[in-house]
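Me: I want a quick pass through this model. Please keep the cut-offs in view.

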Amino acid sequence: MIIQGRERPFCKEVIRSIFKNKSYIMLIFLFIMLTSFMYFFVQFSVDKNLDRLNTISQYGGGGALSEEQHALLIALRSNASLAATFLICLLLITVLVTSLFYKHYFSQHQQEIGTFKALGFKNSSIIKAYVTCTCLLSILATVVGMCLGWAASGVLLQDYTASFGITDVTRGIHAIHIFNGVFLAVIVLCGTTALSCKVFLKKEAALLINNSDTQKENRIIASVSDKIASILPARKQFPVRIALRKPTTILLSILAVGVSTSLFIMSISLYMSSHKVYQSQTEGHHYSYNIKFAETYQEKAEDYTDADALIYLETPASLYLGHSDAPVPYQFVGLSHTGGLLELYDKHGELLSIPDGNGILIGPELQEVYGLNQGDIIIIAISGESYSAVVADVAVNAETHHIYLSQKQLAKWMGIAESSYNGLYSNSINSPGIGTVITQEERLSALQKDVVSNKMSAIINQLLGIVAGGILIYLVLLLNFQDSTKEMLILDFLGYTPKEINKMLISIYRPIFMIAFLLMLYPSIAICKEIQRSLSLQTGDYIPFQTNAFIVFGVLIIIQIIYVIVESAFTAKIRTILRNETARQYL
C-alpha cells in the first residue's frame, strides 16, 4: 500500500528523468511532428476535393468531369497514396528511433531502474511511467504537426488552382485520417515504448544494479571491433575501434543514409518521370489534330489524302492481368501502318511496324507496372467477348493507356468490316464539325498538368529528404557525442587539440556514411521502384522510375553536405565542452 501511494511521485520522477535528455527528446519530437505534418499537409488538401470529384463522377457519369477535373482527380489520388506512404514509412522510422532512444536511455540508467525494482516497484508501474512520457510527447507532437499541416496545405490548394484552373478547391479531412495521423501514431509509439521496457525489465534487479549483463555484452562487442580494427592501418585503428563499439550508432548511420537516399532518389525520379512521359507522348506524334468521329465509317473521307491523314479504329477494352484483381481498362487502336503522322519506336529507337494477326504493341507502363514483356499472352474483352493477344513489342512512345494493333484484327474482334474507322490523325481540318477534335495544344496542355503534379510530389519528397536526413544524421552524431564525452575529456587532458579529438571521435563517421551509402543504394532504388509502381497501380497514372549515375552522385553530395553542416555544429560543441569541463574535472 505504501508503494501504491508513491506511484504518482515515482511517475513524475521518471518523466523528469526522461525529459532531462533535451536533445534526444527534441529530435524525437521533431520526427513525430514531421510524420504528422507530412501526412496532414497532403491529406488536408485531398479529402474534401476528392469526395466532390468522386460524387460528380459517380452520379453524373464519367463524362460529367471536365478534362481539368479529371486531371485534378488523378493528382488527388496520387497525393492521397503519397500521404499514406509518408505516414507508414516515417512512422516505421520513428518507431525505430524511439526504440533506439529507450535502449540507449536504459543502458545509461539501468542502475537507477534496478534500484526502483529493488524498492518494490512493479514492472507494470515502471512501464506505465515510461509509456506516459511517450504518450505526452507524441500527442503534443502529432497535434502540432496536424496544425502546421492544416496551415501549409494552402500551398497545395494554390498549386491545384494554378495547375488545373479549378478555383473551388477547399481544405477538409475525414475523421478516419485524423485517427490515422494522431491516435494511431500515439498508439504505435506507446506500444513500442512498452515493448522496449518489457524486454529490458526481464533482467533481475541485482544484475541491473551491478551492470553485469552490459559488461558481458560490451566485451563481446569490443572483441569484434578490435578484430576488425586490427586489419586497418595503425592511425585508423583507434577511431574505428571506438566507432564499432557502438552498434546502435552504426545502425542509425545506415538508417539515416538509407532514408535520405530513398527520399532523394524518389523525389528526383518523380521529377524526371513526368518529363519522360511528356517526351514519349510528343516524340513520333507528328499530327496536329486527333479527330474522333461520333460514328464508324467504312470509306475514307475524300477531303483527306493518305499523306495528310492516318485513319484508325478505336474501341475501349479490358485487360485481364494476373497482377490485378480487376480488369484494367485500355483503349485499343487499330492502324493500317505506322510512319508519317504516327511513328512508334522500340527501346532501341527502331521504327516498329504494326504486327499481324493477334499481335499487339503495348506501352512501357504495362511492362513496368504489370510486368508484361514481349511474347506474353494476355486476355482481352471487347464488346463482351474475350480474346487472346500476344505482346509483339513495347512501343516506348505509345500514348498512355493505349494499345496498338492491326486495324483488320481489331475490326474482326469488333465484328465490323475490315476497312472500318472512327478517327484519324491529321495536320488539317477539312470538314469542320464532323467529330470531336483534340488539338496538339490541348494534348500538350494535359501532359503539362501531369508534369506539374509530379513536380509537386517531388518537391514534397525533397523537403522531406533534407529534414529527415538532417535529423537522423544529427541523432547519429548526438549518440556518439554524448557517449564519447568522457573520452573527449581524457584526450584533452592528454594534450590533444579539439580538431584532433573531432577527427578521432566525430569525423570517423564520414567513411561509415560512405559505406552505408553503398550498402543502401540498391535497397533504396528497389524501394523507390516499388513505391512508384504501387502509386501507378493505385492512381492509374503511369509514373515511370527514373535514375542514373549523375543522380546517384548528386544524392551522395547532398548527404555529404548535410553531414558537413551537422559536423561543424558538433565541432563547436566539442570546443565548448572542453573549455567548460576540463578544469573542473581534472585540475
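Predicted model: local features only at pLDDT ≥ 70, side-chain atom pairs only at ≥ 80, totals over all residues.

Me: How far apart are the end C-alpha atoms of helix 3?

Reply: Helices (H or I, at least four residues) and strands (E, at least two) are DSSP runs, numbered from the N terminus. Helix 3 covers residues 22-43, which is 22 residues.

Me: How many residues of helix 3 are buried?

Reply: Buried means under 20% relative accessible area, exposed over 50%, partly exposed in between (1.4 Å probe, protein chains only). Helix 3 is mostly covered. The buried count is 18 of its 22 residues.

Me: How is the pair Phe-37 and Phe-41 classed?

Reply: Rings of Phe, Tyr and Trp (its six-membered ring) pair if their centres lie within 6.5 Å; planes under 30 degrees apart count as stacked, over 60 as edge-to-face and the rest as tilted. The structure holds 13 aromatic pairs. In Phe-37 and Phe-41, the centres are 5.5 Å apart and the planes at 15 degrees, so the pair is stacked.

Me: Which separation do Phe-37 and Phe-41 have along helix 3?

Reply: Phe-37 is buried at 18%, and Phe-41 is buried at 9%. They lie four residues apart in helix 3, so the separation is about one helical turn.

Me: How is the pair Tyr-297 and Tyr-421 classed?

Reply: Tyr-297 is in strand 1 and Tyr-421 in strand 8, 124 residues apart. Tyr-421 is buried at 2%, whereas Tyr-297 is partly exposed at 30%. With centres 5.9 Å apart and planes at 35 degrees, the pair is tilted.

Me: Which ring has the charged end of Arg-171 over it?

Reply: A charge sits over a ring if NZ of Lys or CZ of Arg is within 6 Å of the ring centre and within 35 degrees of the ring normal. The charged end of Arg-171 is 4.6 Å from the centre of the ring of Trp-150.

Me: Is Ile-176 buried, partly exposed or exposed?

Reply: Ile-176 is in helix 8, residues 175-200. Its relative accessible area is 48%, so Ile-176 is partly exposed.

Conventions
Residues numbered from 1 in each chain as written. Heavy atoms only, no water. Expected span 1.5 Å × (residues − 1).
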